[in-house]
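Please keep the sequence and the structure in view while reading.

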Amino acid sequence: MEKLKVGIIGATGMVGQRFITLLENHPYFEIAALIASPRSAGKSYTEAVGERWKLAAPMPECVKNMTVISSEEIDRVASLVDFVFCAVDMKKPDILALEEAYAKAEVPVVSNNSANRWTPDVPMVIPEINDAHLAVIDAQRARLGTKRGFIAVKPNCSIQSYVPALTPLLKFKPKVVVATTYQAISGAGKTFREWPEMIDNVIPFIGGEEEKSEKEPLRVWGEVKDGVIVPAASPIITSQCIRVPVTDGHTAAVFVSFEEKPTKEEILEAWKSFKGKPQTLGLPSAPEQFITYFEEDNRPQAKLDRDLYGGMGVSVGRLREDTVYDYKFVGLSHNTLRGAAGGAVLIAELLYREGYITKK
């Protein structure tokens with residue numbers, strides 16, 4: 001099989017680095033272009049990154065001597081790739097303009113950024129949960145006037161520590177959800193070396209995160225109607241988001257009440273049996289078991305469980321009845337794998353298998 005050629009916009013950042021390591025030996029895709037800000041353009045990737053390689057895994061040999069291309073050279077990138085991943089650190093209006101410019105140049109964009117998450121005809125996808133939202137791409141292409149180009153995005157990294165666990169329970173009609181997330185420093189693109197203030201510290205605020213945590217799940221659970229995605233009306237979600245001294249892995253403490261309260265056994269069975277299109281299709285990045293429940297009282301733990309199924313599995317534990325709400329539980333997902341680059345790669349695999357991304 002001839003692999004699709006992919007570009008990575010924002011290749012020098014932490015999420016861009018994750019994309020590189022995930023795509024090094026990917027069965028569907030190969031890296032054809034590394035794209036970053038104009039100040040990095042013309043340098044080798046090694047020179048552009050310098051001392052800022054942030055991952056434990058070494059920089060793959062295949063990218064070390066690749067010349068970085070400016071994100072402004074859209075026509076040049078379009079000539080080299082079949083599609084791009086986008087993970088840039090820019091202001092929202094600039095990201096909106098950049099991603100739309102690539103899409104209009106007939107380059108499909110799979111974005112890790114938040115800028116287009118509320119564009120009505122842009123699908124925001126957790127592939128196991130709302131693959132049906134890809135149908136809105138036809139309406140988006142009509143708006144953009146494109147044949148190949150479009151934008152698809154992944155949701156906020158923190159909601160993937162609890163939305164997967166709540167999704168199989170939607171049939172019991174959850175009314176109210178309280179979710180407090182304890183978020184790793186890599187969610188801010190940082191390491192302890194760069195952010196020593198986080199050692200022995202907890203910061204009870206992450207800008208914009210609580211609004212995303214309360215609203216984005218409803219969009220994921222929404223439906224495509226008349227060429228746009230209409231968010232679900234319920235449940236009511238309230239959240240707090242806290243930065244904790246953990247390298248990787250976002251943990252969520254969740255409380256939930258239902259209109260039709262299930263038994264504990266029904267919840268456990270719903271989690272165990274839940275699977276989505278990635279599992280059905282056997283996509284390369286898909287975890288064999290999407291949701292794994294741990295019986296031990298002290299699990300899941302970020303250090304022990306974040307790398308489950310290559311960091312693409314979601315862990316749940318401590319399910320029990322509550323005195324105020326019906327149930328409470330703890331969830332965990334790897335924020336830069338399932339929640340960022342890995343989740344975007346899984347979306348791209350689904351888009352490829354469903355025929356939305358093709359060879360030029």
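The points below go from the whole chain to single elements and residues.

The model is predicted. The protein contains 13 helices and 14 strands. Its radius of gyration is 20 Å, which agrees with the value near 21 Å that a compact globule of 360 residues would have.

**Overall form and surface**

- The C-alpha trace spans about 60 × 50 × 40 Å along the principal axes of the protein.
- Buried residues make up 57% of the 360 residues of the protein.
- Among contacts with a separation of 6 or more, 77% are accounted for by residues 24 or more positions apart.
- The protein exposes about 15100 Å², and carbon and sulfur atoms supply 50% of this area.
- There are 43 positive and 46 negative side chains in the protein, and the centres of these two sets lie 2 Å apart.

- Helix α1 covers residues 14-23, and eight of its 10 residues are buried, so the helix is largely enclosed by the rest of the structure.
- The buried residues of α1 are Met14, Val15, Gly16, Gln17, Arg18, Phe19, Ile20 and Leu23.
- These buried residues pack against several strands, namely β1 (4-9), β2 (29-36) and β4 (83-86).
- They also pack against the helices α2 (45-49), α3 (61-64) and α13 (337-353).

- Strands β1 and β4 run parallel and are joined by four bridges.
- Within this pairing, Gly7 has Val84 of β4 as its bridge partner.
- Strand β4 is also joined by three bridges to strand β5 (residues 109-111), and these two strands run parallel.

**Two cis peptide bonds**

- The peptide bond from Ser234 to Pro235 is cis, and its omega is near 10°.
- Pro235 is placed in the loop between β9 (228-230) and β10 (236-243).
- Arg299 and Pro300 are likewise joined by a cis peptide bond, with omega about 5°.
- Pro300 belongs to the loop between β12 (291-294) and α12 (302-305).

**Residues with positive phi**

- Tyr309, a residue other than glycine, has a positive phi near 50°.
- The position of Tyr309 is in the loop between α12 and β13 (314-321).
- Tyr309 counts as partly exposed because its relative accessibility is 36%, between the limits of 20% and 50%.
- Arg318 is not a glycine either, yet its phi is positive at about 55°.
- Arg318 is placed in strand β13.
- With a relative accessibility of 37%, Arg318 also counts as partly exposed.

**Val77**

- Val77 is part of helix α4 (residues 74-80).
- The relative accessible area of Val77 is 0%, and the residue is buried.
- Apart from its neighbours within four places in sequence, Val77 is in contact with Ile35, Ile69, Val84 and Tyr102.
- Val77 and Val136 are 59 residues apart along the chain, and their C-alpha atoms are separated by 26 Å.

**Thr191**

- Thr191 lies in the loop between β7 (174-183) and α9 (209-220).
- Thr191 has a relative accessible area of 18% and therefore counts as buried, since the cut-off is under 20%.
- Leaving out its neighbours within four places in sequence, Thr191 is in contact with Met14, Lys54 and Ile185.
- Among these contacts is Met14, which is one of the buried residues of α1.

Conventions
Residues are numbered from 1 along each chain as its sequence is written. This is a predicted model: local features need pLDDT of at least 70, side-chain atom pairs count only at pLDDT 80 or more; totals for chains, interfaces and linings use all residues. Side-chain values use heavy atoms; hydrogens and water are left out. The radius of gyration is taken over C-alpha atoms; the globule rule is 2.2 Å times the number of residues to the power 0.38. Buried means under 20% relative accessible area, exposed over 50%, partly exposed in between (1.4 Å probe, protein chains only). Contact means heavy atoms within 4.5 Å. Accessible areas come from the Shrake-Rupley method with a 1.4 Å probe; for residues, only the protein chains shown count as cover. Lys and Arg count as positive and Asp and Glu as negative; His and the chain ends are not counted. The place of a charge is taken as NZ of Lys, CZ of Arg, CG of Asp or CD of Glu. Two strands pair if DSSP finds at least two bridges between them.
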